[in-house]
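Have the picture open as you read.

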Amino acid sequence: MADTATLSAAGGSEPAIGRGLKGLLLVAIPVFLVGWLIIYPIFAAILSTLFVAGPDGVQFSTASYQFFFSDPYSRANLALTLWTTSICAVLLLLVGLPIALYLRFSTSRFADLVQSLAIFPMFVPSIILSYALIRTIGPNGTVDILLNAVGLPKLPTPYLTPWGPVIGLVWDNLPLTVLMLTAGLAGISSPSIEAARDVGAGPIRVFWYIILPRMGNSILVTISFTVLGIFSSFTLPYVLGPASPEMMGPFMLRTFNDLYDPLNAKTQAVISFVFCLFFGLFYVWSIARNQRSQSR
Amino acid sequence: MARLKIESLRKSFAATTAVDDFSLDVGDGELVCLLGPSGSGKSTILRMIGGFEQPTSGMIRIDGQDVTRLSPERRPTGMVFQSHALWSHMNVFNNIAFGLKLRSLSRGEIQRKVDQALELVGLAGYGHRQTFQLSGGQQQRVALARSLVLEPKILLLDEPFASLDQHLRERLREEVRDIQQRLGITTLFVTHGQDEALAMADRIVVLRNGQCEQVDAPDVLYRNPQTEFVAGFIGQMNFLSANVEGGRFRHPDFTLDVEVQDGPAVLALRPEALRLEPSDSPDAAGVTRATDFGSHIMVDVELRDGARLKVMTAPDARWQKGQTVRLAASAFALYRQNRLLARGGLPVETVEGRSRHALA
Ligand SMILES: Nc1ncnc2c1ncn2[C@@H]1O[C@H](COP(=O)(O)OP(=O)(O)OP(=O)(O)O)[C@@H](O)[C@H]1O
Ligand SMILES: [Mg+2]
């Protein structure tokens, strides 16, 4: 009897170990892929911009970084990228929040239509969106034709100005913004909002004192995600944006492809990466801080 | 202080009529319970009074002022919700102070009123706590304090204790009743627990499918239900269906002379209005079960036609399963199509053998 018991106990624990191994193997593959395809190239790129082959062998040098930050054109490109990113983030919040609020609180059937309209851009590839925008707001596009038809003068087109990519990027990132904000709003219970109205708060005060303070986290998540995406965006700035200054994405491609200058292209990539890393760390830090303050 | 007057209130959602021609007067300082099964429109009525739903038609007046079209923040009402209504990003003090701050009261005034409100609901010194550091019962007290601190004319409570356990619920409803009487605040209380309604209310409104079945004081409602639905909903009730023919209710086990028109009818008998006596007749009713509740024993009796009745007996009585018994009733009510036909306190007895103890 005792023997069978030990046997069965041993037999019972063996599959558990097997399961553990299988679990490790399952995560090992993605971890390996991340290491091989992402972590390793990052470090390789960073190292290759800092250790450069000179006349007397490989040497440590920050020359390419010094060049980037002393070159007015590179600095202008970085500034344009930061400007576009922050303008887009602000506009996305300004446009996305009212839509999300409407979707959360409307009971009309119209809300379904608004929802599908807001999500629609997600399914449109950026290249198609770019050409659609050129045909709409570009020179002699739909807007111009309509203005002309009613005898009004043409408007200055945002196409090939910094506002071109801004319009495209806002449109392109709206679905994600609305989805994330709606998810954040769903966490605010209806009774808590009705209770606020009950004690005398009108819609604006309810928004300011009850909804907004509890939206902090989801606004932060939304901004982080869109900022990361917009900072490194390529297609829309490439097609809709001005030739000079240009955003970091097209700038990198041109440096690499047209100027055959991989060292400076890599330097630009590392600098973009450091900015994104900074946003990422800020995001992680604020989420952690919020969670701590909530569990206190 | 405040009177509430509701006239022919009606509310339809797309396909359903949630509230249908509902009228009610609530006097100053009165506590009225809205009682009814799930989906009977209790919450919808309360939400229309609070301003959270717009009535399809009808009128709501508070102290003579028509508030039907006012938004919630402009109404002199205070509502306590079932749950999840506290603001989790504010501590207890700020939850209660929020409404006062909106009214731009001075700091000292706010502090004084909040402390007073916390004292009132038995949570003095809890102001600095976060809402998630409170138990369910304490959260509902904070919600109550938050409404009371603004001194509303009408207090609305929508099943505020539904998510709490039985003991806590009983304690809190006594406290709420106590506070309500001390402040003399006109109150509407929604519940689907009849014991809660019977324990707290000055008057009870019984609702069914959005319509009012009966409005009366608890004791009247219990002793004199005007409809078969109310009879069955408040307290325990035994029902027996049979035909009235020639002025006599003809059930194989219970007959009764009544002065009503011929036709089908339902006889309603309370368990405590029934009396049991042992019988040795072979075709008498039989005991199927006796459950001891301590204060009384509930005996299930099966009649010859298969109908089952509950009979309340004294705790010292002993009834065996299978024992044959004779039943006698000291009070009855007779309903047809949900309307009261006749009522009486006269003894009604089971029929034994062929002899009929029919009583006029
Ligand atoms: N927003 C709404 N849209 C559609 N129908 C609704 C809505 N609110 C309530 N109803 C319907 O109205 C009827 C009454 O609902 P109500 O919530 O008032 O019932 P209740 O008596 O409070 O029930 P419970 O005891 O379950 O809370 C129900 O049939 C319900 O389905
Ligand atoms: Mg309800």
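Start with B:Glu277, which is partly exposed at a relative accessible area of 30%. For burial, the cut-offs are under 20% relative accessible area for buried, over 50% for exposed, and partly exposed in between, using a 1.4 Å probe and protein chains only. The side chain of B:Glu277 meets that of B:Arg326 in a salt bridge, 3.3 Å from N to O. A salt bridge here is a side-chain nitrogen of Lys or Arg within 4 Å of a carboxyl oxygen of Asp or Glu. B:Glu277 sits in strand E15 (residues 274-278) of chain B and B:Arg326 in strand E19 (residues 324-329) of chain B, so the pair ties together parts that are 49 residues apart in sequence. Helices (H or I, at least four residues) and strands (E, at least two) are DSSP runs, numbered from the N terminus. B:Arg326 itself is buried, with a relative accessible area of 16%.

A word on the ground rules. This is a predicted model, in which local features need pLDDT of at least 70 and side-chain atom pairs count only at pLDDT 80 or more, while totals for chains, interfaces and linings use all residues. Residues are numbered from 1 along each chain as its sequence is written, chains are lettered from A and ligands numbered from 1 in the order in which they are written, and side-chain values use heavy atoms, with hydrogens and water left out.

| Pair | Closest N and O atoms |
|---|---|
| B:Glu196 and B:Arg169 | 4.0 Å |
| B:Arg308 and B:Glu302 | 3.0 Å |

B:Glu196 belongs to helix H6 (residues 194-200) of chain B and B:Arg169 to helix H5 (residues 166-183) of chain B, so this pair links parts that are 27 residues apart in sequence. B:Glu196 counts as buried at 6% relative accessibility, and B:Arg169 is partly exposed at 21%. In the B:Arg308 pair, B:Arg308 is exposed, with a relative accessible area of 53%, and B:Glu302 is partly exposed at 30%. There's also a network: salt bridges with shared partners join A:Glu194, B:Arg47 and B:Glu53.

**The greasy parts**

The largest nonpolar core has 92 residues. Such a core is a set of buried Ala, Val, Leu, Ile, Met, Phe, Trp, Tyr and Cys residues joined through side-chain atoms within 4.5 Å. Among the residues with the most contacts inside this core are B:Leu4, B:Phe22, B:Ile96 and B:Phe98. Helix H2 (residues 92-102) of chain B gives the largest share of this core, seven residues.

Which residues does B:Phe98 contact, leaving aside neighbours within four places in sequence? They are A:Ala196, A:Val199, A:Ala201, A:Tyr209, A:Ile210, B:Trp87 and B:Met90, where contact means heavy atoms within 4.5 Å. A second, separate core of 30 residues includes B:Val258, B:Val299, B:Ala329 and B:Phe332.

**A covered helix**

Now find H1 of chain B, which covers residues 42-50 and holds B:Thr44. Eight of the nine residues of H1(B) are buried. One of the buried ones is B:Thr44, at a relative accessible area of 13%. Not counting residues up to four places away in sequence, B:Thr44 touches B:Lys11, B:Phe13, B:Ala18 and B:Val19. After H1(B) comes B:Gly51, with a positive phi near 95°.

The disulfide count over all chains is zero, a disulfide being a pair of cysteine sulfur atoms within 2.5 Å. B:Cys33 is buried, with a relative accessible area of 0%, whereas B:Cys212 is partly exposed at 33%.

Most residues other than glycine have a negative phi, and most peptide bonds are trans. B:Ser8, in strand E1 (residues 4-12) of chain B, has a positive phi of about 35°. B:Ser104 also has a positive phi, near 50°, and counts as exposed at 64% relative accessibility. Lastly, the peptide bond from A:Ser244 to A:Pro245 is cis, with omega near -5°.
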